[in-house]
2 protein chains.
Amino acid sequence: MAGEEALRARREKLLGRNMSLFYEDPVHLVKGEGVWLWDADGKQYLDCYNNVPHVGHCHPRVVEAICRQASTLNTHTRYLHEGILDYVERLTATFDKSLDSAILTCTGSEANDVALRMAQAVTGKTGVIATDFTYHGNTTAVSQLSTRMPPVGGYGGHVRHVPAPDAYRPLGGEGGAAFATAWAVKVEEAIASLQESPFGFSALIIDPFFANEGFPDLPENFLAPAVAAVRKAGGIVICDEVQPGFGRAGTHMWGHQKAGIVPDVVTLGKPMANGHPVGGVVAGAETLNAFRKAFRYFNTFGGNPVSCAAALAVLDVLEDEKLQENALDVGAYARAGLQKLADKHPLIGNVRGSGLFFGAELVLDRAEKTPASDIATRVINGMRERGVLMGKLGIHQNATKIRPPMPFSKENADLMLSTLDDVLGGL
Amino acid sequence: MAGEEALRARREKLLGRNMSLFYEDPVHLVKGEGVWLWDADGKQYLDCYNNVPHVGHCHPRVVEAICRQASTLNTHTRYLHEGILDYVERLTATFDKSLDSAILTCTGSEANDVALRMAQAVTGKTGVIATDFTYHGNTTAVSQLSTRMPPVGGYGGHVRHVPAPDAYRPLGGEGGAAFATAWAVKVEEAIASLQESPFGFSALIIDPFFANEGFPDLPENFLAPAVAAVRKAGGIVICDEVQPGFGRAGTHMWGHQKAGIVPDVVTLGKPMANGHPVGGVVAGAETLNAFRKAFRYFNTFGGNPVSCAAALAVLDVLEDEKLQENALDVGAYARAGLQKLADKHPLIGNVRGSGLFFGAELVLDRAEKTPASDIATRVINGMRERGVLMGKLGIHQNATKIRPPMPFSKENADLMLSTLDDVLGGL
């Protein structure tokens with residue numbers, strides 16, 4: 001523990017204050033393998049949180065691809081190289097045929113920063129609609145989409161927020177089609193507001209799975225009316241697939257496919273290369289060419305041969321190890337287990353999610369659905385003490401965030417569930 | 001050649017049009033080692049251009065560090081890890097003691113995007129001064145600094161440009177202190193203009209080596225009067241060290257040290273981890289904490305253990321192989337060689353640079369100094385045909401850009417010089 005104290009002091013000195021750490025007792029990790037992590041004291045943790053090591057921590061095939069290419073050639077896209085072409089071909093083959101080209105970046109933030117400019121290039125407008133509990137990244141332009149903290153100099157005035165959809169407490173009080181219509185009306189109002197502003201309307205940007213908003217189980221075709229309103233107004237739809245993408249939702253490769261829509265632009269990040277810094281923007285050739293015509297763009301590290309080799313290995317492993325199928329299967333199993341825990345623990349108000357992105361919303365009482373945000377914090381810390389890493393998120397910060405590496409097994413789910421049972425029982 | 005055609009067609013389809021490639025006959029690279037590159041036909045090239053593979057293409061120690069850490073653990077900064085602390089400690093030790101903390105990012109663009117917000121956090125203002133031929137990166141916010149292409153929605157109005165310093169054609173007609181004063185007056189005018197605007201004045205951002213502006217050989221203490229004016233007005237100085245940093249200029253580890261100033265914020269990118277996507281911002285703890293207080297910032301891939309291992313290996317190799325000393329030594333030798341070529345080729349108007357970032361400005365006549373921009377393009381392509389890769393840049397796009405990996409030897413310089421002699425002779 002003295003060692004951890006010294007580490008934290010050194011960290012504050014070298015990296016600054018206000019740099020967030022997970023857990024009241026932060027974890028000092030030294031090793032990872034598959035769904036497992038180890039700290040400096042040799043304690044083992046089941047990783048139920050990290051989506052970045054998508055195909056498992058330190059997957060040997062991804063590591064091998066990185067080592068092989070890093071020792072052969074690493075350069076940029078101003079020379080010809082087949083790596084980026086092979087990867088973009090494989091990647092775009094997983095999308096609707098209208099989404100047939102891509103720009104590679106180094107982070108999801110850079111991808112969203114490009115996507116917003118694609119919308120500007122296509123529409124000639126700059127106004128954007130996002131949800132009021134979203135997060136799309138950390139660049140100056142992209143962080144304007146978040147409501148979390150007003151930037152120095154103020155907001156640009158070009159963003160309109162619509163309420164994050166909450167299927168557990170649906171807008172208008174009803175679920176189903178009425179909820180979808182009520183939400184689309186909010187989008188229409190935001191479009192009208194932007195059209196009356198000097199900015200005009202360029203795009204709706206959403207995570208089609210609404211992960212940060214608490215991954216609500218939305219009614220079928222929930223997004224269709226809003227998407228229709230966007231297109232009618234001449235705007236484009238940007239889907240941020242950083243969280244739901246690459247098969248995590250189990251039923252589909254991409255969150256927007258699960259939601260039953262075809263966006264104009266898709267952005268990618270975190271899991272794309274299992275932790276190697278890779279992001280990307282997938283769009284139709286016309287959209288991409290409009291961007292490249294309106295903005296010069298070159299990203300030194302974006303699409304370099306090593307990054308492409310790592311990203312390609314992720315697609316290979318996903319396919320060969322049938323990880324999307326595993327996500328569907330194990331996710332359903334784990335959610336059923338969570339549902340069973342709800343019989344015993346009234347704190348569990350709502351179990352939801354899809355594939356290997358799921359969790360429970362914790363409430364003080366089920367009738368009023370009063371969010372148990374502080375208890376959620378205690379639960380997360382209790383799990384960490386017992387060797388299971390997970391997080392919390394959502395509009396009320398009371399939903400457990402279970403989003404493990406994709407090789408997560410039923411046995412792993414059982415360990416998570418029994419530990420959660422213990423923690424909830426001990427509150 | 002048929003293969004190259006097919007590759008280019010595939011590239012345009014998958015990556016879009018208007019995606020720049022070097023040379024009339026683009027190079028299809030497959031392998032790199034040290035200062036050498038090989039294309040798909042087995043042709044070998046001397047790399048006199050690439051600064052990203054700073055310690056040499058595929059340096060075994062950097063590759064080994066990446067492989068070792070990628071197979072052990074790769075995660076993010078919300079867990080404790082010593083890798084980032086060890087690196088930031090080593091990195092900041094190379095700076096003035098006032099620059100004692102850092103934020104790690106994935107690209108130089110992200111670093112400059114953060115640096116601009118640091119200036120906002122410290123000053124409460126948003127106006128920025130840059131030179132009119134600079135390039136600091138590709139995010140929406142950072143690309144507002146470039147004059148190359150007006151963005152959709154127009155410029156934000158918060159940027160003022162000062163003339164890129166050109167020591168070959170000094171402002172006011174005189175060199176020395178008069179030139180420095182004349183330039184500082186331009187900076188003062190820009191400050192006054194921002195102070196009268198709603199934005200106020202937050203920062204002067206410069207590459208202290210003015211690489212994109214054509215790396216002018218500036219008089220001693222050229223920057224001092226401008227820096228004094230910035231500080232007097234309550235603004236901060238951001239030095240973009242993406243190009244001159246990590247010992248490239250030979251005389252000093254950092255461009256601003258060579259220029260004799262201590263900036264408030266330093267940004268880093270390209271060469272930092274030999275091609276692994278790493279960037280960073282170095283600042284004093286107060287500046288860094290002001291930023292972290294005013295803006296939430298978390299970068300998923302920034303400062304991950306693999307990136308830090310790669311970056312640390314670069315510092316190790318730089319030191320162990322005495323590459324800064326090599327840059328000083330070989331750079332002086334190569335510039336003397338270029339100067340000798342000038343006796344023979346009147347096209348060479350001005351030889352300049354420092355360490356392993358140097359070149360010659362090509363002019364149609366030495367009296368008028370008329371830029372030979374088109375001829376520079378022919379020279380670069382002629383060199384490529386003869387197996388030597390270099391670029392061109394500068395205000396008039398007529399300066400050869402010679403910026404090889406740091407292990408560049410005198411023998412390599414001889415090959416570059418004799419090839420250039422041939423190419424110039426054959427024009």
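At what angle do the axes of helix 11 and helix 13 of chain B cross? They cross at roughly 20° and come within 10 Å. The model is predicted: local features need pLDDT of at least 70, side-chain atom pairs count only at pLDDT 80 or more, and totals for chains, interfaces and linings use all residues. Residues are numbered from 1 along each chain as its sequence is written, while chains are lettered from A and ligands numbered from 1 in the order in which they are written.

**Helix pair in chain B**

- Helix 11 covers residues 323-344 and helix 13 covers residues 410-425; helices (H or I, at least four residues) and strands (E, at least two) are DSSP runs, numbered from the N terminus.
- Axes are lines fitted to C-alpha atoms, for helices over the stretch in contact, and angles run from 0 to 180 degrees between N-to-C directions.
- Helix 11 and helix 13 of chain B are therefore roughly parallel (angles under 35 degrees).
- Residues on the helix 11 side of this contact include B:Val330 and B:Leu341, and those on the helix 13 side include B:Lys410 and B:Leu424; residues are in contact if their C-beta atoms, placed from the backbone, lie within 7 Å.

**Sheet in chain A**

- Seven strands of chain A form an open sheet with mixed pairing, in the order 4-10-9-8-7-5-6; two strands pair if DSSP finds at least two bridges between them.
- Strand 4 (101-105) and strand 6 (159-162) of chain A stand at the edges with a single partner strand each, so one side of each lacks a neighbour in the sheet.
- On average, and with direction ignored, neighbouring strands of this sheet are turned by 20° against each other.
- Strand 5 (residues 127-131) and strand 7 (residues 201-206) of chain A run parallel and are joined by three bridges; A:Val128 has A:Ala203 of strand 7 as its bridge partner.
- Helix 3 (residues 82-92) of chain A packs on the sheet, where it touches strand 4 and strand 10 (279-283) of chain A.

**Relation and contact of the two chains**

- Chain B and chain A each give 83 residues to the contact, and helix 1 of chain B supplies the largest share of its chain's side, seven residues.
- The copies meet through the same surface, because 99% of the interface residues of chain B are also interface residues in chain A.

Terms used. Angles under 35 degrees count as roughly parallel, over 145 as roughly antiparallel, 65 to 115 as roughly perpendicular and the rest as oblique. Two residues are in contact if their C-beta atoms, placed from the backbone, lie within 7 Å.
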